[in-house]
Amino acid sequence: MNVRDELAQEAATLYYLQDQKMESIASKLGVSRSTVSRLLSYAREVGLVRISITAPPGTSDTLAQKFEETFGVHTWVVPVGSADTDLNRLHNVSAVAAERLINMLFPGATLGIAWGNTTSMIAQNIPRVDLPGLTVVQLNGASNAAESGLPYAQAIITQAAQALGAKMVNFPVPAFFDFASTKEAMWRERSIQQVLQTIDSCDVALFGVGSLDGSIPSHVYSGGFLDQKELDQARRDGVVGDVCTVLLRRDGSTDMKLNARASGPTPAQLQKIPRRLCVAAGDSKALPLVGALRSGVATDLVIDSSLARVVLNQLRLERRPARRIVQ
């Protein structure tokens, strides 16, 4: 530890564990109050301090239990207010998800990350930690007909890798190939096979859920990866969203022609990864989240409380018997 780290650790210990005021800490350390404030911020930034907020008993804990009973996933429900925007919800959920992610990792682990709005926000919240031998690999391709997609996907992977002190492996292929035969040929290339083998060796996967009609447009559908004809076909096929650019129906099925061209891992391939952290925020993610959970892609889930209630309400409506019309 350098001098700044030592001061930050001492300031954090006095403030968080001994409940001392900033003025008192400043006096003990021989610095100004503003310096103490900066030291505490630095301590949180580099991971010397991790702050957890839990829900009051009987609220989010109950929602989490219902998700665990229904879908068999370890669930963390982040409380949000009715006035919170979807962007605020995403920020709060991503902060909790970053903390959960750190707890899943270990030295020498391989972490796979699928690019998207959600994982971009999570990457910004990952504290700097020391996990020797860690590898971060991109789970799905990112290029489209107009651009390489590399800056967007690489920014997410790079930010996470830098925070974790990890080796970085990019996946330089399209998000969706124009032809399934092109993908099959590409998958035989040795350079691509090396990336696929790294993905197969993942210990942890991190991904969000894309919504075909979300209030915050999912990058898969707003970034030019599929043209209008393909989007129309997806709707006719019953698609509600995606995980890792693999399209999903509400029942969790993925058997459609577009997915033969998708570069991301299928639900069956994801299921081979021991820990799979799915993160979702915003009520518009309800239908794709149901599809994702039914497909078995997640072992762990972080969502906001409003979304949790919408999902459970939809499941209740599904179980409600249809009314008979008497003529």
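Which charged end sits over the ring of Tyr42?

**View 1. Arg4 over the ring of Tyr42.** Welcome to this predicted model, in which local features need pLDDT of at least 70, side-chain atom pairs count only at pLDDT 80 or more, and totals for chains, interfaces and linings use all residues. Residues are numbered from 1 along each chain as its sequence is written, and side-chain values use heavy atoms, with hydrogens and water left out. Here the charged end of Arg4 lies 3.8 Å from the centre of the Tyr42 ring and sits over it (NZ of Lys or CZ of Arg within 6 Å of the ring centre and within 35 degrees of the ring normal).

**View 2. The tilted pair Phe67 and Phe71.** Searching the whole structure gives five aromatic pairs (ring centres of Phe, Tyr or Trp, the last by its six-membered ring, within 6.5 Å; planes under 30 degrees apart are stacked, over 60 edge-to-face, the rest tilted). In Phe67 and Phe71, the centres are 5.8 Å apart and the planes at 40°, so this pair is tilted. Both residues belong to helix 4 (residues 60-71), four residues apart, about one turn of the helix (helices are DSSP runs of H or I, at least four residues, and strands of E, at least two, numbered from the N terminus). Phe67 and Phe71 are both buried (under 20% relative accessible area; exposed is over 50%, partly exposed in between; 1.4 Å probe, protein chains only).

**View 3. Phe171 and Trp187, another tilted pair.** Their rings are 5.7 Å apart centre to centre, with 40° between the planes. Phe171 lies in the loop between strand 4 (167-169) and helix 8 (180-186), and Trp187 in the loop between helix 8 and helix 9 (190-200), so the pair ties together parts 16 residues apart in sequence. Phe171 is buried at 2% relative accessibility, while Trp187, at 21%, is partly exposed. Together with Phe177, these two residues form one aromatic cluster.
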